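Here is a short briefing for a first look at this structure. Please go through the points with the model open.

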Amino acid sequence: AAENGLNAWLRYAPIPNAQNYSASLPSSIVSLNSTETSPVYTAGTELQNGIQGIFGKRLSISHANGTTSSSIVVGTVDEYAKTGGSVQGIPELDEDGFWLSSKGGNVQILGENERGALYGAFEYLSMLAQGNLSSVAYATNPNAPVRWVNQWDNLDGSIERGYGGPSIFFENGTIVNDLTRAGDYARLLASVRVNAVVVNNVNANSTLLSTRNIQGLGRIADAFRPYGVRLGISLDFASPMDFGGLPTYDPLDPSVIAFWTNVTNQIYETVPDMAGYLVKANSEGQAGPLTYNRTLSQGGNLFAKALQPHGGIVMFRAFVYNMLNESDWKADRANAAVQFFKDLDGQFDDNVVVQIKYGPIDFQVREPTSPLFANLLNTSTAIELEVAQEYLGQQCHLVYLPPLWKTVLDFDLRVNNQSSLVRNIISGKRFNRPLGGSAAVVNVGTNTTWLGSHLAMSNLYAYGRLAWDPAQDPQSILQDWIRLTFSLDNEVIDTITQMSMESWPAYESYSGNLGIQTLTDILYTHFGPNPASQDNNGYGQWTRADHLTIGMDRTVSNGTGFSGQYPPEIYEMYENIETTPDNLLLWFHHVNYTQRLQSGQTVIQHFYDAHYSGADTAQTFVPLWESLEGKVDTERYNDVLFRQTYQAGHSIVWRDAINNYYYNLSGIPDEANRVGNH
Ligand code: GCU
């Protein structure tokens, strides 16, 4: 039964009336590579297993393209042409792209490269598993080359902000012996076209660079390789000192440069296809170039130069900020990224990508789009999302995240008064950049559900789908996932769709709304309500709530000036209270609790009402889920029921904690008389 969790959306469950289709299926598979570690070989066996699961029919596999009728051919376009296949009508493909045709008896699954061919096989299987046997012929290409996930795994096996058990990669300071789960993970990721995994925490440990650990990384890369997933690692900037025994880690010091060149060469000997490095420098206590009065770009380029001969890239994180003092009205952590990075635009080497969290603070339930995307016109950028629900219920609450991500991906920053959607900036198209894309912090663990919750896996699935094509609709992605994960039954699809699509608005309503941030405890757990923790701290993610007023004044005219980091059209919208959308009002403006929203409601009454309606919605998830009893296997049914019951209760804790807190602070009664002591 654990198989259902482990296989997630790749179960290949039998479809209703499968025997009726069996005759119309091709009778064999031709996989145009006989090397077992190649993604094309993997594609062949995946097709064989998938079709057997879905239709109960076992197709034979061969590796030479002799067959012309009634076969599924999978390989690269080039290999197909070399073996005599006709590639007429197949458009030019981008890296990792593929062509899928099921017209005319034969199925052609042809990738620009081997990875693309495997993606095509997964796409074809996804259609079949959803009962879709229609004839198709199309090519698809990725929005961007970087489609990575970041694991925040520590070498001792713990995972920072991980809620699905210990690491599948590390234990006791080194790489685990049995990497079966690493291969299984790569399989899931490849099926949604993720092409690299950074396996260790951004708060990195330099002992990863020991000879023994580099050998272990080689084994992880071996486990990934048949799926076309590449290995990446996070680096500790101070490694030359901490690990190399040098007196310095100054990025311009020749001994430091030699250290990184050697380390990099050594890793590439073991992992010739390593994707690259992820670097968190001068952030939250991590070492970095600023210690030596060098710029962040000099820091990033240090690694870029070591990687360049090997074709690797540096993902350099923009999450850099200093501790601040709340008594300074103009202090604002949201300003930090642009302040640190804007002047470095154009100074990063071509194989550096600046990785930017979607909002200026830190994975909150709602944030405006990071203005850094509009300030780097000569630098490749990637968006950083978080599948791990750090501030968002930590997988104990159902929160389907793509609608939140889409508020950023689809946001038009209007750079130079022209259409500048974030998704077109990260693809490199808007500013003509060679690189770009996305990364998501995922933090799966050894739990057989991967993330600790069956329903949370929709976020991982959808992340990959959106990284490939961010223009897709979150609800239709979700429904593919439901069909693949649970059932083709309409009631199952409708019910899980309803719960999932209502989940982010509900969570926002019963946690922090109107742009005030999530209101979780931010000092320790990042879980559960603790609005008081948002102020009187040095982290700078404040609410500035007192007995009369609430919100951060981020205007240019009277506040921190953050709104001025946006291009003019966006700046004007946020600078003015009348044009700021209600859902970001308290992000940009400091107002009385009695301030009227565009909706006509006051701020405080909106707080009260939203917390009730959000918690009410969470209550409905329990009976909704219960209506599926018998339609979902008992183990997953019970697991999800347990989580939904928890969420229903915890949403009431949230509702009452937040409402009472602001009632006590403001003394303003709830019009409906629900809040406070009566
Ligand atoms: C958050 C998170 C940290 C993490 C940091 C980061 O602040 O709580 O655990 O290290 O983000 O993204 O680097």
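**Lead**

Glu 390 sits in the loop between β15 and α12 (402-409). This is a predicted model: local features need pLDDT of at least 70, side-chain atom pairs count only at pLDDT 80 or more, and totals for chains, interfaces and linings use all residues. Residues are numbered from 1 along each chain as its sequence is written. Helices (H or I, at least four residues) and strands (E, at least two) are DSSP runs, numbered from the N terminus.

**Ligand and annotated active site**

- UniProt, in an unreviewed entry, places the feature "active site" at Glu 284, Asp 362 and Glu 390. UniProt positions follow the numbering used here, feature names are shortened, and annotations may be inferred rather than shown by experiment.
- Glu 390 counts as buried because it has 24 C-beta neighbours inside 10 Å. Buried means 20 or more other C-beta atoms within 10 Å of a residue's own, exposed means 12 or fewer, and partly exposed lies in between; C-beta atoms are placed from the backbone.
- Leaving aside neighbours within four places in sequence, Glu 390 is in contact with Arg 161, Phe 363 and His 526. Contact means that the C-beta atoms of two residues, placed from the backbone, lie within 7 Å.
- Asp 362 lies in the loop between β14 (352-357) and β15 (380-386). Asp 362 is also buried, because 20 C-beta neighbours fall inside 10 Å.
- With neighbours within four places in sequence left aside, Asp 362 is in contact with Lys 357 and Gln 541.
- Around the ligand are Glu 160, Arg 161, Val 202, Asn 203, Lys 280, Glu 284, Phe 319, Asp 362 and Glu 390. A residue is near a molecule or strand if its C-beta atom, placed from the backbone, lies within 6 Å of it.
- That shell divides into two nonpolar, one polar and six charged residues. Ala, Val, Leu, Ile, Met, Phe, Trp, Tyr, Cys and Pro count as nonpolar, Asp, Glu, Lys and Arg as charged, and the others, Gly among them, as polar.

**Barrel**

- Eight strands form a closed barrel, β7-β10-β11-β12-β13-β14-β15-β16, with parallel pairing. Two strands pair if DSSP finds at least two bridges between them.
- Neighbouring strands of this sheet are turned by 25 degrees against each other on average, direction ignored. Axes are lines fitted to C-alpha atoms, for helices over the stretch in contact, and angles run from 0 to 180 degrees between N-to-C directions.
- Helix α7 (residues 211-224) packs on the sheet and touches β10 (196-198) and β11 (230-235). The direction of α7 makes about 145 degrees with that of β11.
- Strands β12 (residues 276-279) and β13 (residues 313-317) run parallel, joined by four bridges. Tyr 277 stands opposite Val 314 in β13.
- Ala 275 is found in the loop between α9 (254-270) and β12. Ala 275 is buried, because 24 other C-beta atoms lie within 10 Å.

**Strand β4 and its partners**

- β4 (residues 98-101) is covered on both faces: Phe 98 and Leu 100 on one side, and Trp 99 and Ser 101 on the other, are all buried.
- β4 pairs with β5 (residues 107-111) in the antiparallel sense over four bridges. Ser 101 has Gln 108 in β5 as its bridge partner.
- β4 also pairs with β6 (residues 137-140) in the antiparallel sense, over four bridges. Ser 101 stands opposite Ala 137 in β6.
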